[in-house]
Amino acid sequence: MEKIKRTHVYVMPPQSYEISGWPVEPSHQVDWSEYEKHLWCFGCEKDFIPENDGIFGGPIPIGAMTMLGISLDRINIKTHEVVKNPYAQAVLEKREVTEEEIERFRATWAK
Ligand SMILES: [Zn+2]
């Protein structure tokens, strides 16, 4: 499988999104890999694909996650800019997300 470089990572570590299942020492620290679908193991110094995508394996319960304080904001790896998730913002502000916000969000996510 060809590895595709990420443009963004989520602001919280993979475990925050219930991503799990890796054949490594439980004591090893993991974080987002620079490649999509992969995580990085600091102990083994290699990328791997976790068995379980956590919340990204299905429809994301944005309302529930936001209320639990789990952020879906992203960081642009190149610019270090934080990109707020407009759906989560709308939940916090108890309003509907606007088309303009969705468009702007999609534009930042594009490569
Ligand atoms: Zn490891």
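Analyst: Among contacts between residues at least 6 apart in sequence, 49% join residues at least 24 apart; two residues are in contact if their C-beta atoms, placed from the backbone, lie within 7 Å. The model is a predicted one, in which local features need pLDDT of at least 70 and side-chain atom pairs count only at pLDDT 80 or more, while totals for chains, interfaces and linings use all residues. Residues are numbered from 1 along each chain as its sequence is written.

The part in question lies between domain 1 (8–55) and domain 2 (56–109), whose bounds come from an automatic or database domain assignment. Taken over C-alpha atoms, the centres of domain 1 and domain 2 are 21 Å apart. Where they meet, 15 residues of domain 2 are in contact with 11 residues of domain 1. On the side of domain 1 that touches domain 2 there are 6 nonpolar residues, 4 polar and 1 charged. In this division, Ala, Val, Leu, Ile, Met, Phe, Trp, Tyr, Cys and Pro count as nonpolar, Asp, Glu, Lys and Arg as charged, and the others, Gly among them, as polar.

As for the whole protein, the C-alpha trace spans about 45 × 30 × 25 Å along its principal axes. Its secondary structure comprises 3 helices and 6 strands, in the order β-β-β-β-α-β-β-α-α from the N terminus. Helices (H or I, at least four residues) and strands (E, at least two) are DSSP runs, numbered from the N terminus. Of the 111 residues, 9% are buried; a residue is buried if 20 or more other C-beta atoms lie within 10 Å of its own, exposed if 12 or fewer, and partly exposed in between, with C-beta atoms placed from the backbone.

Two loop residues deserve attention. Glu18, in the loop between strand E1 (8–10) and E2, has a positive phi near 65 degrees although it is a residue other than glycine. Glu18 counts as partly exposed because it has 14 C-beta neighbours inside 10 Å. His80 is placed in the loop between strand E5 (74–76) and strand E6 (82–83), and its phi is also positive, at about 65 degrees, although it is not a glycine. His80 has 7 C-beta neighbours inside 10 Å and therefore counts as exposed.

Confidence is expressed as pLDDT, the predictor's confidence in each residue, from 0 to 100. The protein averages 91, and 95% of the residues score at least 70. Among its elements, strand E2 (residues 30–32) has the highest mean pLDDT (95), and helix H3 (residues 99–109) the lowest (88).
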